[in-house]
Amino acid sequence: MKQFAKRSLCGALLASSVAFAISACAPTVDAQPQTAKPPTFAAMPDRIPQDEIVYFVLPDRFENGDPSNDTGGFTGGALQHGFDPTNKAFYLGGDLRGLTARLDYIQSMGATAIWLGPIFKNKPVQGAPGQESSGYHGYWITDFTAPDPHLGTKEDLKTFVDEAHGRGMKVYMDIITNHTADVISYRECYDPNYSGADKVDGPCTYRSVADFPWTTKGGPTGEPINNRFLGDAPHVHTAENFSNLTNSNYAYTPYIPAGEETVKTPAWLNDLQYYHNRGETTWAGENSIYGDFAGLDDLFTAHPRVVDGMIEIFKDWITEYEIDGFRIDTTRHVNPEFWQQFLPAMKDHAASLGNPNFYMFGEVYDPDPGALARFTTVDGFDQVLDFGFQAAVFDVVSGKEPTSRLDTFLRADDIYGPGAEKGLNQPTFLGNHDMGRFSGLLKAEKPSMSQTELLARTQLGHGLMMTMRGVPVIYSGSEQGFVSDGGDQLARETLFPSKVEVYNDNDLIGTDATTAEANFDTEHPLYRYIADMSALRAKHASFRRGAMETRLTELDGHAFAFSRFDPIDGTEYLVVANISSEPRIVNTRIEPNTTQFSALRGDCPVEAVTTATATVTIPAFGLTICKGNGRAERHIK
C-alpha cells in the first residue's frame with residue numbers, strides 16, 4: 001500500500017519531533033526574492049498537530065499561476081463560466097499553480113501546514129437573476145472526485161502536495177459532507193408549469209418531520225408511501241430500513257431540472273433519495289440538520305449509502321494525494337451518528353498509509369465552549385475550530401471587555417474531554433473568510449482608531465494566538481495588513497493584483513500598498529512579526545505542547561499574564577500582555593521556584609521580586625515573554 005515516504009526526505013533529519021532543523025529541500029521558483037526559511041520540525045508522520053502553524057488560503061484569492069484556466073474551460077460569459085476579475089462574487093483567477101509558486105513565501109513566515117480551501121469541482125454560477133455568484137470558494141460541489149478546473153488539474157494538485165511535503169509542510173483539505181451544489185428543485189416552488197393547489201408563492205420554507213412524515217405524502221393524513229420505513233432514529237440506521245425509503249415526495253416534490261440529471265459525481269449523488277428534500281433551513285432546531293443550507297442540496301447523512309459513499313470519497317483523496325488532515329465544513333448541520341462512523345474511518349485509513357496523526361477539525365460556528373464541546377464529547381471530534389478563542393481574544397484585544405474574559409473562557413477547557421488535550425489541539429484563529437478579518441473587526445469596533453493603533457492591536461492578537469494554547473491558524477492576507485470591510489465576500493481579497501474596487505479602496509495597515517498591486521512583501525511588519533513569533537514557537541516546545549496556567553487577569557483592566565510549561569522538564573515560560581494605550585508595570589504570580597528570567601521578547605525582570613511573584617514592565621499594546629529558571633513538576637509529561 002502507498003506509504004507517506006516523500007515527506008521523510010526533508011523531515012527525517014531529526015529523531016525527535018520537538019527538535020527543529022533547517023529544511024534541506026530545494027525551493028520552488030518564486031516571482032521575487034525571499035527571506036531565509038525558518039526552522040522546520042521532524043519527520044511529518046511523527047509530528048503531532050500541536051506542532052503546526054497553519055496558513056489558511058482560498059486558492060482563487062491567493063496567486064494566479066496559470067491564466068489559461070481562469071474560465072475553467074467553460075464557454076460563454078461570466079454567468080456561464082463564473083470568471084469576472086472585477087467582481088468580488090466571482091472567480092478572480094487564483095489557482096493551485098500560483099499557490100505552489102508561492103510556497104517559499106508561506107514557509108518563510110513560519111507556517112508548517114496549509115489549510116487549502118475546498119478545491120472540488122463546483123457549479124460555476126448559482127443564484128437568482130441579479131443575485132448570481134460563482135463557486136470560487138469551493139462549497140458548491142458537483143464533482144467530489146476532481147479539482148475545480150478554474151483552480152487546476154489533478155496533476156497540479158499532486159504537484160502542490162508533493163512540493164509542500166518536500167518542504168516538510170502538511171496539507172489539510174477543506175471538505176464538505178453536509179450538502180452538494182444547488183441542483184435539486186421542488187415542483188411546488190420552482191416549476192413554472194406546476195398548477196397544483198399546494199403551489200408555493202415564494203421560497204420553499206422548511207417542512208418538519210412531524211408535519212410531513214416520511215411515510216405519507218403531503219402531511220400525516222396524506223397518501224401512504226414508503227411502507228415499513230421506520231424513520232431515521234439512530235437505532236434504525238440500517239440498509240434494510242432505508243431500502244424502504246423509495247419515494248422522496250413526502251414534504252415537497254423534488255426534481256432535477258433538465259440537463260442536470262447526471263451533473264454530480266459520483267453518480268449515486270444524482271439520486272433524490274439521498275437528500276432530505278424538506279426546504280430551506282433557518283439554522284435552528286430540527287431544520288439545522290434536515291434543511292437546505294442557502295438552497296444547497298442537503299444530504300440525508302443518516303442514510304447508510306450516504307455514509308459509505310462519503311467515507312469512500314474521502315479515503316480516496318487521502319490515498320491519492322497523501323492529504324494530512326481535513327477541515328470539515330458545516331459540521332453542526334450533520335447528525336452525530338455520521339461523524340461517529342466517518343471520523344474513525346478517516347483516521348484508520350490514514351494510519352494504514354503511514355500517517356498516525358491525521359488531523360481533523362470541524363467547523364461549528366458558535367463562540368460558546370459548551371456548544372463546541374458537544375462535538376468533541378458526543379460526535380467524536382478530537383477538536384473543532386475554536387470560535388470561543390476568537391470571540392474571547394477579540395473582546396479583550398479590542399478593549400470591549402477586561403482580561404477576566406480570557407480567564408473565564410480558558411476555564412472551560414476541561415469540558416472538551418480527554419481527546420482534546422485541554423485545548424492544546426484546538427485550531428485557534430482571529431478572523432476568517434466568513435466573519436471577516438481580525439483587523440476589520442477591530443476597526444469596526446473602534447472606527448476612530450489610528451492606523452498605528454490598529455497595527456499594534458492586530459499584532460498583539462497574533463502574538464496571543466502564537467503563545468496561548470491551541471494550534472494557530474493565519475488567514476492569508478492578514479500578514480499583509482488587509483483590512484476587510486465586513487465578512488464573507490468582503491473579506492476575500494486577493495494577494496495578487498486585484499481589479500475589485502471594493503477591495504482596492506481599503507486602507508491597509510503597516511504599508512502604503514493597496515490590493516491593486518501584489519502583496520507578497522516579506523518585510524511587511526505583520527509578516528515579520530508572525531515570522532518572529534513562529535520561530536519562537538518552533539524553538540520552544542512549551543508554546544506548542546506545554547500546559548497553560550493563567551497568572552493575572554483584571555476585572556477592570558487590560559493586563560493579562562499566563563505561564564506555559566515545557567512538556568519534558570516543566571520549565572516555566574511567562575507571557576504578559578498589555579491591552580492598553582499606556583505602558584504598564586504589573587505584579588504577576590509565577591512558580592515558587594522561579595527566581596530568575598531571561599528575555600525572549602521585551603524587557604523581562606532579572607529576578608523575581610519575591611517568592612512566587614514577578615514585576616514586569618509591558619509597553620502599550622505589547623507582549624513580554626520571559627523564560628524562567630523554575631520548573632513545575634505537575635506539568636512534566
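User: I'm new to this one. What share of the 637 residues in the chain is buried?

Analyst: Let's start with the term: buried means under 20% relative accessible area, exposed means over 50%, and partly exposed is in between, using a 1.4 Å probe and protein chains only. In this chain, buried residues make up 62% of the 637 residues. Keep in mind that this is a predicted model, where local features need pLDDT of at least 70, side-chain atom pairs count only at pLDDT 80 or more, and totals for chains, interfaces and linings use all residues. Residues are numbered from 1 along each chain as its sequence is written, and side-chain values use heavy atoms, with hydrogens and water left out.

User: Why does the radius of gyration of the chain agree with a compact globule?

Analyst: The radius of gyration is taken over C-alpha atoms, and the globule rule is 2.2 Å times the number of residues to the power 0.38. For 637 residues a compact globule would come out near 26 Å, and the chain has 25 Å, so the two agree.

User: How many helices and strands does the chain have?

Analyst: Both are DSSP runs numbered from the N terminus: helices are H or I with at least four residues, and strands are E with at least two. Here you'll find 18 helices and 26 strands.

User: And how do I read contacts along the sequence?

Analyst: Contact means heavy atoms within 4.5 Å. Take the contacts in this chain between residues at least 6 apart in sequence: 72% of them join residues at least 24 apart.

User: Which residues touch the most other members of the largest nonpolar core?

Analyst: General idea first: in soluble globular proteins, nonpolar side chains tend to be buried together. A nonpolar core is a set of buried Ala, Val, Leu, Ile, Met, Phe, Trp, Tyr and Cys residues joined through side-chain atoms within 4.5 Å. The largest one here has 130 residues, and Tyr55, Met310, Phe314, Phe326, Phe342 and Met346 touch the most other members. Helix 9 gives this core its largest share, nine residues. There's also a second, separate core of 15 residues, including Phe56, Met435, Val471 and Tyr475.

User: What does Phe314 touch?

Analyst: Apart from residues up to four places away in sequence, Phe314 touches Phe120, Phe144, Ile175, Ile176, Thr177, Phe326, Phe342 and Met346.

User: Is Glu312 buried, partly exposed or exposed?

Analyst: Glu312 is partly exposed, because its relative accessible area is 48%. You'll find Glu312 in helix 9 (residues 304-321). Its C-alpha atom is 9.7 Å from that of Phe342, 30 residues apart along the chain.

User: Which peptide bond is cis?

Analyst: The one from Thr265 to Pro266, with omega near 0°. Pro266 is in the loop between strand 14 and helix 8 (287-290).

User: One more loop residue, please. What does Thr511 contact?

Analyst: Setting aside neighbours within four places in sequence, Thr511 is in contact with Gln480 and His524. Thr511 belongs to the loop between helix 16 (501-504) and helix 17 (525-539). With a relative accessible area of 23%, Thr511 is partly exposed.
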